[in-house]
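Here are a few notes to read alongside the model. Keep it open on your screen and find each spot as you go.

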Amino acid sequence: MTFEPQGENRFIVPIGPQHPALKEPGHFEFVVDGEIVTGASVRLGYVHRGIEKGAEDRTWTQNLYLMERICGICSHIHATAFVQGVEKLAGVEAPPRARAIREIFAELERIHSHMLWLGVAAHEGGFDALFMYSWRDREVVMDMLEMLSGNRVHYSANLIGGVKYDIPLEMMDKIREGLNYLEERLLHYLDVVNNDETFIGRTRGIGTMTREQAQLLGAVGPTARASNFAYDVRVDAPYAAYAEFPVEMVVAKEGDLHARFVVRILETMESIRVLRRIFDNMPESELVTRVPRRIPAGETISRVEAPRGELFYFIASNGGEKPERVKVRTPSLCNWGTVITLAVGHKLADMPMILAGIDPCFSCNDRLVMVKRNRQDPQVWTWADLRNYGIEYYR
Amino acid sequence: MSATEQILQNAQNLLQPFAQSFNSPEPNRLDVFLRRENLLPAIKALIEARWGYLSTITGIDRPAATVEAGQTPVEGEIEVLYSFCSGAAVVSLRVRVPYSDAVLPSICPLIPSATLGERELMEMFGVRAEGTPDTSRLILADSWPEGVYPLRKSFVPPARVSGAAEGG
């Protein structure tokens, strides 16, 4: 990592890696000319844990638990990508009810993840009332997950070949009640996002990415869909029960920060709709199918739509009890590339919300614990400094 | 012909001039084996035809097989996969480079965001992406020793070495 300025009149604003407001470590450097950002770079790895290497030394079943722990927000979708890949290699398919249960967890996870993001993004812009309300409402879906699995975060529903537990009717009824409440709240948030003057002032026309840029920069998920780049693994290559219970893709044309808010809120409402449909037509079957302990040699690519976008697993087996190689490419890594490019030309004060706009997830793309030496450099801003700067700038 | 098959067929037509061979390991996948000098032209062909997007760059270590008496030893290689996706279709451009000459041209002039994948490849496998704009550490710690590539099979994490010494 170098800090040498690249020109005479450049000023570099390094931020992080520890910042109390963004909850995970990451280091950014913005090159500024006055107020305008002319260059940006990112240094990740502060929470790299060596999971891909670790996977090569664990059995297929042990790896299921390891993969679930890549991310604390979207643990289910990692496990789903992994088990679906292993099932493909083994030539088995999970029973219909198990696949429907996988979809139910995936959509509940999306609801909690999007609501978490809504709060964080609002907070970075200084809209703390919205942050507190959306996180209060997110508790409703966290309680559902706890009721289903006993856990708020690692619900651990998947097994290689199926799922661990069933969802009884009474629980579905309880979830429906919660969804009715959430739907009402989301309509309110949509109204706030679309009609609150100060909110629009900080989001409309900010961080705009065209469809061409989104495609070239490899944007994924809601970040791409807000730029009218219409792809969603759930629709394009249905997995789990998405063929039986499809979702409608949500896209927006504008490509700015505002569009990213609208797309995520509408997607959350779409999740609620599809959950009701699954509950109305829940297939009956057993929950697991038998899978051999040794997985036949071969390679597979397993893609799923995580809350932040396409999650890509490359899994290779040499016919043994342990995988030869597991490559995990998380959606946040793709979206970082877009931030570095989009930051250029914007005001420094807009950086917190542009960064938060992609819903960055560090653990996802870092995976080795490392403690950074304390830097006593007065030029280093904390995230809180930058966030306050942004709020003061627009006051 | 399904839509996915059609998309894969298009990719195969585009990549025909550059490929050594093709393989379809799964109905939605096409593997394209390339020499490294054909990597950039092949990617350029995909981009100009607006075929999908680069989903990820994956490295795989292919260490040399144990040599039996009388055979010439073969050098280990790193295989690199550039996976492009379009709908359900996945095309993987596969290039192999030997340990002693682990260099690939950077694809950043064509796809700027590929720099993150290339930096990962340099740190974890020791495959240099020549011309990539930023070669500073992305993932590994600043104190990580030079020339140690954790995702090569020859790298054994320290804990496992001590376990073996105890006979475990």
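1. Start with Cys74(A): its relative accessible area is 2%, so this residue is buried. Bear in mind, as you look, that this is a predicted model.

2. Now for Cys71(A). It counts as buried too, because its relative accessibility is 1%.

3. What keeps the sulfur of Cys74(A) from a bond with that of Cys71(A)? Distance: Cys71(A) holds the closest cysteine sulfur, but at 3.4 Å that is too far.

4. Cys71(A) is in none, with the sulfur of Cys74(A) as its nearest cysteine sulfur, 3.4 Å away.

5. Next, have a look at the sheet. Chain A has an open sheet of 3 strands, in the order β1-β2-β3, and the pairing is antiparallel. The edges belong to β1 (11–15) and β3 (36–43) of chain A; each has a single partner strand, so one side of each has no neighbour in the sheet. On average, neighbouring strands here are turned by 20° against each other, ignoring direction.

6. How many bridges join β2 to β3(A)? There are 7, linking β2 (residues 27–33) of chain A to β3(A), and the two strands run antiparallel. If you'd like one pair to track down, go to Phe28(A): its bridge partner in β3(A) is Val42(A).

How values were computed
Residues are numbered from 1 along each chain as its sequence is written. Chains are lettered from A and ligands numbered from 1 in the order in which they are written. This is a predicted model: local features need pLDDT of at least 70, side-chain atom pairs count only at pLDDT 80 or more; totals for chains, interfaces and linings use all residues. Side-chain values use heavy atoms; hydrogens and water are left out. Two strands pair if DSSP finds at least two bridges between them. Helices (H or I, at least four residues) and strands (E, at least two) are DSSP runs, numbered from the N terminus. Axes are lines fitted to C-alpha atoms, for helices over the stretch in contact, and angles run from 0 to 180 degrees between N-to-C directions. A disulfide is a pair of cysteine sulfur atoms within 2.5 Å. Buried means under 20% relative accessible area, exposed over 50%, partly exposed in between (1.4 Å probe, protein chains only).
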